[in-house]
Every structure is written in structure tokens, then in C-alpha cells.
Amino acid sequence: MSDDDHGSHHVNYLAVFFALCGFTALSVVFDVMSFENHAITIVLVMAVAVAKALCVMMFFMHLKFEGNWKFILLAPTTILAIGLPLALMPDVGVAYYTPTAPQKGEWGTEMAEYRAAHAHEDGHGAGYDADSDHAAEEGAHDEHAGDDQSSEGHDDAAH
Amino acid sequence: MKMGIPIADAKLGMWLFLGTEIMFFTAFIGTYIVVRISGGAGWPGPHDTHIDVFWGGLNTFVLIVSSFFVVLAHAAMGDKRYADARKWLGLTMLLAVLFLCIKGIEYRGKFAHDILPGHIPETPAQAIAKVDRELEAVIREDLAYYTYYELVSVDQPNDLATLVPQIQAFAQSGKADAGDVAKAGDSIELYKKWQNLHQHKVANVSLTAVPSAEVSAYREARNALNEGEKLPELTLGEVTTYLNDMKADQSYGAAVTAGVFDPHPVLYGNLFASCYFLMTGFHAIHVLVGMILFGMALYAGANLNENWLNWVENSGLYWHFVDLVWIFLFPLLYIAS
């Protein structure tokens with residue numbers, strides 16, 4: 001059975017296509033403009049993405065001309081789409097406590113020095129040399145020992 | 001009494017499915033948003049992740065054009081212009097293939113730099129350990145030549161400490177031809193260079209401060225220290241220089257270049273790679289499914305008639321959804337990095 005005839009709603013698909021192209025170009029322009037606060041770029045670019053999504057949904061997918069059932073369908077998914085990140089934000093997103101990930105603990109010092117030396121000179125190899133139980137013949141994995149391998153330990157090895 | 005929604009069953013079914021697909025992608029995209037915000041200033045930039053806005057933008061344009069063509073195909077089906085519909089569907093297929101090709105180019109770039117989940121070192125220490133590991137793998141493969149062709153025999157071929165002297169003995173024995181002697185010389189030199197790096201890495205001692213792995217060199221450097229001083233630690237810069245020298249070598253440089261990636265620590269790199277491949281991978285799978293849907297309509301050939309109207313419309317809806325997902329993936333992955 002064919003569905004409802006939408007012939008009375010004449011959509012200029014070409015115009016919608018040009019609008020989409022324009023929005024895409026706009027988001028690239030926003031990226032290239034590189035505002036001093038990166039958050040501004042993200043907000044603008046996501047707004048453009050929402051505008052493009054509405055163009056595709058309303059006109060290409062014809063939702064502008066469909067009945068109210070579209071809200072019953074899309075409302076729960078939209079609520080979930082917004083609710084999931086919001087729910088995870090306090091625990092995972094907004095790190096208002098110091099995370100215990102080892103690489104982040106040393107990251108500040110290590111990477112600052114590493115970047116300062118343009119990645120080819122200084123940069124400490126300190127901290128997570130975790131092959132203390134290394135067996136060379138097996139090609140062991142690099143695991144996070146989490147302990148600082150201090151130079152004091154070398155004295156014992158040499159004697 | 002009028003019941004139900006005034007659209008075809010198949011269309012309602014497709015919309016319900018798209019609702020579940022929205023939830024499916026929301027899970028990954030929402031998680032990426034949360035994880036990206038938690039990374040904050042430490043999140044890798046496009047230089048570290050090898051993300052190029054150009055390819056992403058091109059893919060966006062390709063999908064938008066394909067969405068437009070799908071809409072034209074559906075309009076043609078409604079007007080019973082079936083030849084036109086086939087043309088637009090065919091073009092949509094071509095654009096889908098183009099999308100996957102561009103994706104393939106991007107993925108190949110990632111593989112070339114070993115940007116894969118679990119493969120990326122996140123600190124200089126991890127990068128040094130990775131170089132050590134990869135170099136060991138190169139050496140093992142190099143030395144396997146001798147055991148594979150049974151030029152030497154050892155009880156434990158994996159035990160390099162006993163294997164290497166055997167190879168040396170083999171080279172000096174007179175039973176080896178000139179090619180093998182030269183090759184053995186290279187293999188042993190390569191092994192020694194790796195051993196040097198490995199010892200320094202395990203002891204975490206600078207390659208320049210203690211020039212060799214001999215105990216005498218180590219003691220000499222230690223004796224030269226003043227009260228309370230420590231030997232300088234191994235740095236990533238030294239390892240990079242050491243590795244580049246090895247890569248430039250005439251004999252074994254090619255093997256080392258092929259087997260060892262340039263060390264490049266990226267904080268949160270593994271998290272990024274995980275999210276990236278998950279999102280774009282699932283999206284690519286959905287593109288493939290869309291191609292199957294269009295393919296089946298095209299396969300009908302001249303039999304594409306009014307019976308296929310719903311199929312084309314629903315395939316179009318599915319394809320627009322695929323386009324929608326990419327419309328959100330593009331700014332999140334390419335611009336918000």
C-alpha cells in the first residue's frame with residue numbers, strides 16, 4: 001500500500017541541499033577562525049550541526065509534514081540522548097577530584113618538560129618504567145607498576 | 001473508528017528502528033562527549049591523532065549529496081519515473097563507496113602511525129618501553145632465520161642469550177657461506193644495539209652518561225659522581241636519537257624502520273583511538289547496510305516499480321539517519337579536538 005500522498009507539500013530539495021552545503025562550509029569556517037576560547041568554536045559548530053540535522057529531518061525525511069506520532073517516537077530518544085551525558089558528567093566528565101590514573105599523575109611534569117624541549121631533547125623517562133619483573137625472552141607487556149623506580153635500587157644491582 | 005497511525009506499517013517499523021538506532025549512537029557519542037570533557041586541556045590535538053578536517057569535511061559533503069540524491073530517487077519513484085529513480089539510486093551507491101574509500105584512506109593513515117586502542121604510549125616512559133618491545137620483536141624475527149633454516153641448533157630458540165653466541169660460533173666456523181657470515185655479523189650487531197638500549201631502559205640510566213652496557217662503564221660513571229648525585233635517567237630524546245641512528249644503518253636499518261614506530265607519547269591517546277574507531281567503525285557498518293538496501297532495489301533492475309515505493313522510501317529514511325549520525329560525528333571528532 002502506498003503511503004500518504006505528500007504531493008501537496010512541494011519541497012524544494014535543491015534549496016535544502018544548498019542550505020546543507022552552506023552550513024557545512026560555515027562549520028569549517030568556524031573551525032578555521034579558531035577563537036581564543038575553544039569552547040566558543042565547539043558551541044557554534046554544534047549549533048550548525050543541529051541546524052543541519054533539522055534540515056535533513058524536517059525536509060529530506062519529511063517530518064515537517066508528518067503527524068504528531070513523530071513526537072512520541074523522538075521525545076524518549078531525545079530525553080535519553082541528553083540525559084545520558086548529563087548523568088555521567090559529574091562522575092566521569094567533570095573531574096573535580098584528582099584522578100588516580102597513573103599517566104595523568106606524572107603527566108604534568110613529564111609532558112611539560114617533554115613539550116618544552118620540542119619532543120626531541122629532554123623529557124624525563126622517570127616514573128613508570130614498569131619492567132622490574134621483566135623477562136626479556138618472553139617480551140613482556142609494559143604494565144603500570146605505579147611505583148617510582150628510584151636510582152637507589154641500582155646500587156643493589158651493581159654489587 | 002479510525003485506529004493506528006496513517007502511514008504504512010513498514011514506514012512505522014523503520015521509524016521505530018531509527019529510534020533505537022538513535023539510542024545506539026547516543027550511547028557512543030554521549031560517552032565520547034563525557035570522556036572528552038573529562039580530558040579537558042590534556043585531550044590530544046589533531047597533530048597527535050592525525051585527524052584532518054579536510055577528509056572529514058569531504059566525507060560530510062559526500063554524504064549530504066548522497067542524501068539529496070536519495071530524496072530525488074524517492075520523488076522519482078512517486079512520480080513513476082523509474083529510470084530516473086534507478087539513476088539516482090545508482091549515484092547514491094557510488095557516493096557511498098566513495099565515502100568508504102575516504103574512510104579507508106583515513107584508517108590507513110592511523111594504522112601507519114600505530115594509532116590503535118591499546119597501542120599508544122601515553123608518557124615518555126611508556127614510549128621508551130614500546131620502542132624496546134618493538135625492537136625486541138624485530139630482533140627475534142631477524143634471529144629466527146638461523147633457527148628456521150637450522151643453521152644453529154639450541155634447546156631453547158627463544159632464549160636469545162644462548163642463541164646469539166651460537167650464531168657467532170656458526171659465523172666463525174667455516175661452514176657458513178659468505179652471505180650468511182655477513183648476515184650473521186649484522187644480526188649480532190643489531191642484537192647488541194638492542195641489548196644496550198634494553199639494559200639502559202631496565203636500569204633507567206642515560207645512554208649518553210653511561211655509554212655502554214658493560215658493568216665497568218656503569219661503575220666508572222657512578223664513581224665519577226659527587227656525594228648525593230644520581231646518574232641521569234634515560235630520556236625519550238636519547239632513545240629517539242638512538243633509534244634514528246639504527247634506522248639509518250645500511251644493513252639492518254630497513255628492518256628496524258619497518259618494525260619500530262617513531263615514539264610519540266599522546267596523553268589519552270588510547271581513549272581517543274577507542275572512541276574514534278568505535279564511532280566511525282559502527283557508522284561505516286551502517287553505511288554498508290545502507291548500500292545493501294540500495295543494492296537490492298537496484299538489483300530489481302527494470303522490475304523497479306510501484307511495489308518498490310515503500311522500500312525506496314524506507315531505505316531513504318535509513319540513509320538520512322546515517323547522514324545525520326555523520327553530521328554529528330564530524331564536528332565532534334574533527335573540530336572539537
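In this predicted model, Lys247(B) is found in helix H9 of chain B, where helices (H or I, at least four residues) and strands (E, at least two) are DSSP runs numbered from the N terminus. At 17% relative accessibility, Lys247(B) counts as buried; buried denotes under 20% relative accessible area, exposed over 50%, and partly exposed the range in between, with a 1.4 Å probe and protein chains only. When residues up to four places away in sequence are not counted, Lys247(B) touches Gly253(B), Val256(B), Thr257(B), Val260(B), Phe261(B) and Asp262(B), a contact being heavy atoms within 4.5 Å.

Local features need pLDDT of at least 70 and side-chain atom pairs count only at pLDDT 80 or more, whereas totals for chains, interfaces and linings use all residues. Residues are numbered from 1 along each chain as its sequence is written, chains are lettered from A and ligands numbered from 1 in the order in which they are written, and side-chain values use heavy atoms, with hydrogens and water left out.

Helix H9 (residues 236–247) of chain B packs with helix H7 (residues 178–203) of chain B at an angle of about 175 degrees, the axes being 12 Å apart. Axes are lines fitted to C-alpha atoms, for helices over the stretch in contact, and angles run from 0 to 180 degrees between N-to-C directions. The angle makes H7(B) roughly antiparallel to H9(B); angles under 35 degrees count as roughly parallel, over 145 as roughly antiparallel, 65 to 115 as roughly perpendicular and the rest as oblique. On the H7(B) side the contact is made by Leu190(B), Lys193(B), Asn196(B) and Leu197(B), and on the H9(B) side by Val239(B), Tyr242(B) and Met246(B). By class, the contact of H7(B) with H9(B) has 5 nonpolar, 1 polar and 1 charged residues (Ala, Val, Leu, Ile, Met, Phe, Trp, Tyr, Cys and Pro count as nonpolar, Asp, Glu, Lys and Arg as charged, and the others, Gly among them, as polar). Lys193(B) lies over the face of Tyr242(B), at 5.1 Å from the ring centre. Lys87(B) is placed over the face of Trp88(B), at 4.4 Å from the ring centre. A charge sits over a ring if NZ of Lys or CZ of Arg is within 6 Å of the ring centre and within 35 degrees of the ring normal.

In the loop between H7 and helix H8 (215–223) of chain B lies Asn204(B). Asn204(B) has a positive phi of about 55 degrees although it is not a glycine, and is buried, with a relative accessible area of 4%. Most residues other than glycine have a negative phi. In chain A, His62(A) has a positive phi of about 70 degrees, again without being a glycine. His62(A) lies in the loop between H2 and H3 of chain A and is buried, with a relative accessible area of 11%.

Chain A has 5 helices and 0 strands. Buried residues make up 33% of its 159 residues. Among contacts in chain A between residues at least 6 apart in sequence, 38% join residues at least 24 apart. Lys70(A), in helix H3 of chain A, counts as buried at 11% relative accessibility. Not counting residues up to four places away in sequence, Lys70(A) touches Leu63(A) and Lys64(A). The C-alpha atoms of Lys70(A) and Met46(A), 24 residues apart along the chain, are separated by 23 Å.

Rings of Phe, Tyr and Trp (its six-membered ring) pair if their centres lie within 6.5 Å, with planes under 30 degrees apart counted as stacked, over 60 as edge-to-face and the rest as tilted. By this rule the count comes to 32 aromatic pairs over all chains. The rings of Tyr13(A) and Phe60(A) have centres 6.2 Å apart and planes at 55 degrees, so this pair is tilted. Tyr13(A) lies in helix H1 (residues 13–33) of chain A and Phe60(A) in helix H2 (residues 38–60) of chain A, so the pair ties together parts that are 47 residues apart in sequence. Tyr13(A) is buried at 14% relative accessibility, and Phe60(A) is buried at 5%.

Trp69(A) and Trp15(B) form an edge-to-face pair, 6.1 Å centre to centre and with 65 degrees between the planes. This pair joins two chains, because Trp69(A) lies in helix H3 (residues 69–93) of chain A and Trp15(B) in helix H1 (residues 9–39) of chain B. Trp69(A) counts as buried at 9% relative accessibility, and Trp15(B) is buried at 4%. In chain B, ring pairs link Tyr32(B), Trp43(B), Tyr107(B), Phe111(B), Tyr268(B), Phe272(B), Tyr276(B) and Phe277(B) into a cluster.
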